[in-house]
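I open this notebook to record what I looked up in one structure. The entries follow the order in which I consulted it.

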Amino acid sequence: EHSQEEEGEEEQEEVTQCGTCGETKVVKCSTGRICLLQRPSVIIATKIDLEGAAERFEELKRRINLPIFAVSSKTDENIDDVLIEIRDIIEKEKEASQNDEKNNIS
């Protein structure tokens, strides 16, 4: 087997700049994997049943620009909503991956 370097190809990383913090981030590394920062994300705030948690959750929601859920495993509050969101994300990712494969074959 020939390495990429032997064939004259350099390993490259696709780099982007975060629109929020301005930090430069790797989008795709030389292994072809996508950076976690570019993958779909959901924030799950737990223990929402505790005193003062609802107020802290509202403050967090104002600061975060991602889907965020307040859950309680004690009361099962919003657990189903989180599972539905995760299922939807997985389905969208599978569909996008299948579309990418179809486009690469053509």
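**Entry 1: Asn78**

I looked up Asn78 and found it partly exposed, with a relative accessible area of 27%. By the cut-offs used here, buried means under 20% relative accessible area, exposed over 50%, and partly exposed in between (1.4 Å probe, protein chains only). Asn78 sits in the loop between strand 4 and helix 2 (79-105). Its phi is near 65°, a positive value in a residue other than glycine.

**Entry 2: Basis of the model**

I note that this is a predicted model, in which local features need pLDDT of at least 70 and side-chain atom pairs count only at pLDDT 80 or more, while totals for chains, interfaces and linings use all residues. Residues are numbered from 1 along each chain as its sequence is written, and side-chain values use heavy atoms, with hydrogens and water left out.

**Entry 3: Overall layout**

I recorded two helices and four strands in the protein; these are DSSP runs (helices H or I, at least four residues; strands E, at least two), numbered from the N terminus. Along the sequence the pattern reads β-β-β-α-β-α. Of the 106 residues in the protein, 12% are buried. The accessible surface is about 9,100 Å², and carbon and sulfur atoms account for 46% of it; such areas come from the Shrake-Rupley method with a 1.4 Å probe, and for residues only the protein chains shown count as cover.

**Entry 4: Lys47**

I then turned to the loop between strand 3 (43-45) and helix 1, where Lys47 is found. Lys47 also has a positive phi, near 60°, and is not glycine. Lys47 is exposed, at a relative accessible area of 54%.

**Entry 5: The core**

Which residues form the largest nonpolar core? I listed six: Ala45, Ile48, Ala53, Phe57, Ile68 and Ala70. Helix 1 (53-63) and strand 4 (68-70) each supply at least two residues of this core. A nonpolar core is a set of buried Ala, Val, Leu, Ile, Met, Phe, Trp, Tyr and Cys residues joined through side-chain atoms within 4.5 Å. In soluble globular proteins, nonpolar side chains tend to be buried together.

**Entry 6: Ile90**

Finally, I located Ile90 in helix 2. Ile90 is partly exposed, with a relative accessible area of 45%.
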